[in-house]
Amino acid sequence: NEPAQLSQTYTVPANATLTYWYRITSSDVCGYDYGYVRVNSTNIKTYNLCSSTQMSSYAQGSVSLAAYAGQTVTLSFRLTTDSSYTSAMYVDDVAIA
């Protein structure tokens, strides 16, 4: 039940959007495995990492950061899983525009 997290501190410009590509792999049957996009300690996007959301290729995700304009925040991708099944969320090509 160990979480995994990638984080970076960033000062958000006006009208910013966080974009990224992600892929979910899982053998979990919709249990307790989740991926999150976070600003500071707030989840702003949640992915259920169950077998029904397993993906054969990457998809693009995006989240508006406009509410945080002018603030220095910690942006994170966080994954939490139980110990019963294997789930993963891969993230690539993260950008803020």
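Let's start with Tyr-22, which counts as buried because its relative accessibility is 13%; buried here means under 20% relative accessible area, with a 1.4 Å probe and protein chains only. Before I go on, a word on where this comes from. This is a predicted model, so local features need pLDDT of at least 70 and side-chain atom pairs count only at pLDDT 80 or more, while totals for chains, interfaces and linings use all residues. Residues are numbered from 1 along each chain as its sequence is written, and side-chain values use heavy atoms, leaving out hydrogens and water.

Back to our tyrosine. Tyr-20 and Tyr-22 make a tilted pair, because their ring centres are 6.0 Å apart and their planes at 50 degrees. Tyr-22 and Tyr-47 are tilted as well, since their centres are 4.6 Å apart and the planes at 45 degrees. Tyr-22 is in strand 2 (residues 17–26) and Tyr-47 in strand 4, so this pair ties together parts 25 residues apart in sequence. Tyr-47, at 8% relative accessibility, also counts as buried.

Strands are DSSP runs of E, at least two residues, numbered from the N terminus, and two of them pair if DSSP finds at least two bridges between them. Here 4 strands form an open sheet in the order 1-6-3-4, with antiparallel pairing. The edges are strand 1 and strand 4, each pairing on one side only.

Look at Val-39 with me. What are its bridge partners in strand 4 and in strand 6? In strand 4 the partner is Thr-42, and in strand 6 it is Leu-75. Strand 3 (residues 34–39) and strand 4 (residues 42–48) pair over 6 bridges, and they form a hairpin with 2 residues between them. In that turn, Asn-40 has a positive phi of about 55 degrees. Strand 3 also pairs with strand 6 in the antiparallel sense, over 6 bridges.

Conventions. Rings of Phe, Tyr and Trp (its six-membered ring) pair if their centres lie within 6.5 Å; planes under 30 degrees apart count as stacked, over 60 as edge-to-face and the rest as tilted. Buried means under 20% relative accessible area, exposed over 50%, partly exposed in between (1.4 Å probe, protein chains only).
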